[in-house]
There are 2 protein chains.
Amino acid sequence: MKKEYSDTEIKIKTAAKSLFLEKGYSATTTRDISKESDINLALLNYYFTSKKKLFEIIMLETFYDFISKMVEVYNDEKSTLEEKLRLTSSKYIDMIIVEPHLPTFVVNELKNNPSSILKILKGQIMESKLVDQYNDGVKKGIYKRIDPIHFVTNILSLIVFPFISSPIIIKMKKFSRKEFNEMMYERKKLIPEWILQMIKK
Amino acid sequence: MKKEYSDTEIKIKTAAKSLFLEKGYSATTTRDISKESDINLALLNYYFTSKKKLFEIIMLETFYDFISKMVEVYNDEKSTLEEKLRLTSSKYIDMIIVEPHLPTFVVNELKNNPSSILKILKGQIMESKLVDQYNDGVKKGIYKRIDPIHFVTNILSLIVFPFISSPIIIKMKKFSRKEFNEMMYERKKLIPEWILQMIKK
DNA sequence: TTTTTTATTAATCATTTGTTTAATTCAATT
DNA sequence: AATTGAATTAAACAAATGATTAATAAAAAA
């Protein structure tokens, strides 16, 4: 299934990913990529046929990584709901701090490439162990009965949106990037607590 | 202060806004705009000097509208904190349902045009009546003491992020656009309740 | 070593894109 | 009616861009 990439291909992909993440598809030129990866311009088409195709490969891989990080935790058999919340919050915030352009890239380029890429999602989240555990809690009468989509949406919203709106937050609070990250580290602990308060009766 | 725009200028601006919102700055060409607005290509530069300048005008106005909607409610003298939450939630969701591309556009193009546009924000939110009311609640011991930035961020996250991630939600739940909107109408009521539960001791 | 295949390069092509020019039409002013 | 300035147009320009070609170098197979 997985393709083996040569050194040159990896160089191209690495540079392309970095540029696509930072500037988006349209604002990134093939010459940008060739320069950044230090390969000849023609090699891009030689290996990846077109800019579009190259982008699709990167988009797919990136989105897959983005979702996997969540799905793995959501489907862990041993952990409780609360532990899953803590782990998701922590892992996601760590991941995005390392690659701050990730969420904007994903949500932004997603609206143009919907169905084919979004197939990855099928059932992975709405039929996860986490949602089961939430539904169990509802049956037991400890959690409120609302559509689990709200539960799942809220988790992601509280984790991801602050990164997407980081320019606004940084301006409002006169934060440095470091201070902003500290705010996000704080949220690692806070978000699971908030989510629990939201669902508890 | 406010410039009077001629018919032609309005036609250009309307078309340009629609296209910029949908496809972003780089993916929108001046010929797209000229076609969509049914004006001669040269008129774009005649009235707005350059694509860049035109974009900046639209970006500024759009961001201003986006923020004003919030700021007006946040600074209302008569309403309680709870009423402000309900009104914000309701007005924002209504606004974005009408213009679904708005949030993605704002957050996405914002990272390229930071300081000059973000000046609008200065103090408008963090020194608002809403934040005062939150701080009062903290002093009275009814709300938890956390940095109000979290409070403000959470409101916006729960309202706006679902729209940004609508392709994901729609795919996960096999929603139609109509069903998705109904989910968002549901959230009008839910979000203020959630926020209160998050801050209450 | 020779041959064949693969990888890399510089140059070039055909479009696209933002912008400008010069001519023309339209509207207001004298 | 004649004149002036603004608005509009078609055509063109120069630069940028995605992609291809034909030649060369390197590696693998014979």
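How many residues does the contact take from chain A and from chain B? In this predicted model, the contact takes 45 residues from chain A and 45 residues from chain B. In chain A, the residues that lose the most area to chain B are His150(A), Phe161(A) and Met172(A), which together account for 15% of what that side buries.

| Item | Value |
|---|---|
| Area buried between chain A and chain B | about 4,300 Å² |
| Share of that area on carbon and sulfur atoms | 72% |
| Salt bridges across the interface | 2 salt bridges |
| Polar contacts between chain A and chain B | 13 residue pairs |

The elements that give two or more residues to the side of chain A that touches chain B include helix H1 (7-23), helix H9 (148-164) and helix H11 (177-199) of chain A. The largest share of that side, 12 residues, comes from H9(A). When the residues of the side of chain A that touches chain B are divided by kind, there are 26 nonpolar, 10 polar and 9 charged. A salt bridge is formed by Asp147(A) with Lys173(B), where the closest N and O atoms are 3.2 Å apart.

Methods:
Residues numbered from 1 in each chain as written. Chains lettered and ligands numbered in written order. Predicted model: local features only at pLDDT ≥ 70, side-chain atom pairs only at ≥ 80, totals over all residues. Heavy atoms only, no water. Contact = heavy atoms within 4.5 Å. Buried area = accessible area lost by both parts, 1.4 Å probe. Salt bridge = Lys/Arg side-chain N within 4 Å of Asp/Glu carboxyl O. Polar contact = N/O pair within 3.5 Å; in protein donor to acceptor, adjacent residues only side chain to side chain. Helix = DSSP H or I, 4+ residues; strand = E, 2+ residues; numbered from the N terminus. Nonpolar A, V, L, I, M, F, W, Y, C, P; charged D, E, K, R; others polar.
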